[in-house]
Amino acid sequence: MPAQKEGFERVFLGEDCWYAVRISGGMLDKIKYIAGYQTQPVSAITHYAPVSRIEPYGEDGKFKLIFSGKAKPLGPIPYADAPQGAMQGPRYTTFAMLQAGRKLADLLTK
C-alpha cells in the first residue's frame, strides 16, 4: 500500500492498521499480510504486518486492515526501475516474493 510519511508513521506504525483501502472482491480471503510502501523521498517498501482481520470502512466500498501485531521492518525494497505509476494503488504479491524481492519490479512479476 502506498503511504506518505506522516500517515505511514501515525497509522501503519502507530495504530497497527491501514484504512480506506480498495480491495478486489476476490482478494479479500487471500490477504494475510500488508506491506507498506513509503512514497517520496523514501520510495521503497520498508515494513510489513500480518493482517488479523478486514472490516468495511466508510460508505465507498473500502476496507480497514487491522494488524495482528506491530509492523516489522523489511528491506527496504526500492522503487528502482518499476514502471511509472506502479504504486499509485494497492498491488498484490505473495509473501515469498515480498521476502525475496530486492526491488519493486521483482514483486510485480508473475
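Tutor: Before we start, note that contact here means heavy atoms within 4.5 Å, and that the structure is a predicted model.

Student: Which residues does Ile23 touch, not counting residues up to four places away in sequence?

Tutor: Ile23 is one of the residues that touch the most other members of the largest nonpolar core, which has 18 residues. Leaving aside residues up to four places away in sequence, the residues that Ile23 touches are Leu28, Ile31, Ile54, Phe63, Leu65 and Tyr92.

Student: Which element gives the most to this core?

Tutor: Among the residues of the largest nonpolar core that touch the most other members are Phe12, Trp18, Leu65 and Phe67. At least two residues of this core come from each of α1, β2 (17-21), β4 (44-57) and β5 (62-67). The element that gives the most, with four residues, is β5.

Student: Are the rings of Phe8 and Phe12 stacked or edge-to-face?

Tutor: Phe8 and Phe12 lie four residues apart in helix α1 (residues 5-13), and therefore about one helical turn separates them. Both residues are buried. Planes under 30 degrees apart count as stacked, and because the ring centres of Phe8 and Phe12 are 4.9 Å apart with their planes at 15°, the pair is stacked.

Technical notes: Residues numbered from 1 in each chain as written. Predicted model: local features only at pLDDT ≥ 70, side-chain atom pairs only at ≥ 80, totals over all residues. Heavy atoms only, no water. Phe/Tyr/Trp six-rings, centres within 6.5 Å; stacked < 30°, edge-to-face > 60°. Buried < 20%, exposed > 50% of the residue type's maximum accessible area, 1.4 Å probe, protein only. Core = buried A, V, L, I, M, F, W, Y, C linked by side-chain atoms within 4.5 Å.
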